[in-house]
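Hi,

Here is the structure I promised to pass on.

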Amino acid sequence: SDVIRKPQGQMELNSSCQIVRGEGSQTFQLITEKRTYFLTADSPNILEEWIHVLQSILRVQVTSPVGVPHSDAKPTVKGWLTKVKHGHSKLVWCALIGKTFYYYRNHEDKCPLGHLPMRESKVEEVDRSCDSDEDYEATGGGLLSSHCTLVIHPQDQSPTYLLIRTKQEKNTWLYHLTVAAGSSNATVGTSYEQLIGKLLDAEGDPNSPLWKHPMLCYSKDGLHTSLTTLPSEALQTEALKLFKSCQLFINVPVEAASIDYHVSLAQTALQVCLTHTELQNEIYCQLVKQTTCRQPQNHSVIQCWQLLALCAPLFLPQHHFLWYIKQHLQRHADPRSEIGKYAIYCQRSVDRTVQTGEREAKPSRMEIVSILLRNPYHHSLPFSIPVHFMNGTYQVVGFDGSSTVDEFIQRLNQETGMRKPSHMGFSLFTDDPSGRNLEHCLQGNMKICDVISKWEQALKELHPGKYEGGTRIVKLTYKNRLYFRSQAKGETDRERLLLAFQVSNEIANGRFPVNKELALEMVALMAQVEYGDLDRPGSSSPGGTSQSKVQHLLHQVLDKFYPKRYKQNITPEQLRQLADRLATKWTVLQGCSPPECIRIYLTVARKWPLFGTKVFTAKPVLPSSLEDCPVWIAVNEDGISILDYNTMHLKVSYSYSSVLTFGGCRDDFMIVVSQMKERSSGKNSTEKLLFTMAIPKIVEATLLIASYINYRSTPSLLSSTQPSRSKTAANKLWETESRCFFPSVPRSTKGPTLL
């Protein structure tokens, strides 16, 4: 309530926000582009008042004439300009997105101050020598002498003048604004851009002589200036450097033994284009020029097409450059020639990028090597990677440069006989590049290629100078993350098997309560699943070889499945007795099939009321209502529980409806809960619990709780036929998780991580 102090945070309200009422409680959700906030009011009246105010603001946002560009929209050109209208000048951040010119207070603002529709507008450079416009003159001579000036004259509106600092910037704005206005002004842009404009005006007439114009075709001479209009000298220099990098990539023949030379060149060039988006049109134009009217007689042409094949899944050129690229690919597509096959692959990649969006990271070594060493045309999914399961097996899954984690999981489920993730709560995890025992859950809309590339980059940064190409790649694991009792109906045999192995791993690591006797029964069941019937040595068997083999197998099974804490400090004699007891229990299971053993195993395991819970070790920070000794924090579909560290007996549990906030608080994990204090007065009290935990575990626990709450608040996520609106809400709810990819580098949060 202290409005004088600096706010703890802010929530951007715009036309894409949604308000969803909670059921019964005095809580509602504010779903913004970035995340979902759960807001609780002190009384139903205050709740209604807030909802009324927020909804009226959102209604104004939706109906206001100033559109808000979509958060993913990529500006064609952006920068600081002085906008002059009716004699008033203001320095604003401008962005041309699609066919609309937006201007903002600063480059971080999401809501523009205003916009100008460019379609059918007149865009001209102002010639100062004969200028007499009063609005324009009113800005004073100082600005005029030092700036270049453009005028935008939309239909039915008075003109807006833009004062631009440098000639390069002026040329860039003039060219892109003219194109957006749909004008066929043949004098703006570079000669290369003007030729593309003429081809577009001729609707791509295949017989036009312009296709063979020397400017558009391959030439042995290098470039002396950029092919596209760029807003600064520095970027023009960068464009020429880019051309030299591409030339080195194209002219040196690819050899498997020295492939890292080409990997490094491609990664560097494409990273420059990801960093400086203005160069994305440029690299496409350079590569198209290099592959137009060129004799396909040597490795250079193929390698140029290979570089084009690496660009297509990453980013696309804009406006008529994209049209020109598509025309170029269509003219070369031919399944009978090597080049034609690359052109067809590029067509497929361009279509996929249009459909799924652009990438965030440069291609990984694996991606580049795959494209260079075999023609990707022959495979609809040119890349593949093993996915590991908890039972020690793996499945190799194919993907392309645009495959999302969701698409990848869908293919994996089809190939392994499992249901949709929404029906069984399984997720894809990566290991940590540092080699520490950490895992990171992948968000559904991430691109698999980005995951591999970011992991590879993190590995290089952790071991500078030591990185050997391709010695270690990311390890993907598919296992249960969210467990819902309702999902047990309709489980497939494969799901049961993997779930049982996951529980078995928890038992072995002391994260599941079983006494010694029950533990041995569970181990025998897993041994029967993994190794089949125990072949005990008969009395007739000569020597002791067979006996020692059985002993070795029994010890191997105990190492793998028996709780480690029960094996600490036991004598060799006790271990031998334990192995004998295991052999007896295992022999009883003779003839029992793996699915039957798994059914028995899960029936026993599910008797624990907290089955499916994920547990985290923690220590309460004093002063606390809990004792000063380690505890387990258990997270499941019903809420958060605190368990005794030794017995795993329940100490206290909190349902999600009583959890007010949770997450990282400085270097600790915090839960704030509301408790009914006095039944007579009906007043609630709040309690703040702090725990010491490893930072990566704080991130993991926070995201897990967030996911359970999000699933509870949008139950349609668990049904297979969810309407598209709830799908978009679901994607927004999961956005929290993408920001925590590889949180092994310690992050300190100043306040609680709120949803």
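Let's start with β13: Phe426, Leu428 and Thr430 point one way from this strand, Ser427, Phe429 and Asp431 point the other way, and all are buried (under 20% relative accessible area with a 1.4 Å probe, protein chains only; exposed is over 50%, partly exposed in between). Strands here are DSSP runs of E with at least two residues, helices are runs of H or I with at least four, and both are numbered from the N terminus.

Before I go on: this is a predicted model, where local features need pLDDT of at least 70, side-chain atom pairs count only at pLDDT 80 or more, and totals for chains, interfaces and linings use all residues. Residues are numbered from 1 along each chain as its sequence is written, and side-chain values use heavy atoms, without hydrogens and water.

Six of the six residues of β13 are buried, so the strand is largely enclosed by the rest of the structure. It pairs (at least two DSSP bridges between the strands) with β15 (residues 476–480), antiparallel, over five bridges, and Phe426 sits opposite Asn480 there. Three bridges link β13 to β14 (residues 439–441), also antiparallel, with Thr430 opposite His440.

β13 is also among the elements covering the buried residues of helix α15, as are α7 (259–275) and α12 (365–373). Those buried residues include Ile448, Val451, Trp455 and Leu459.

Elsewhere, there is an open sheet of three strands, in the order β1-β2-β3, with antiparallel pairing. Its edge strands are β1 (18–21) and β3 (36–40). Four bridges join β1 to β2 (residues 27–31), and Ile19 stands opposite Leu30.

Cheers

How values were computed
Contact means heavy atoms within 4.5 Å.
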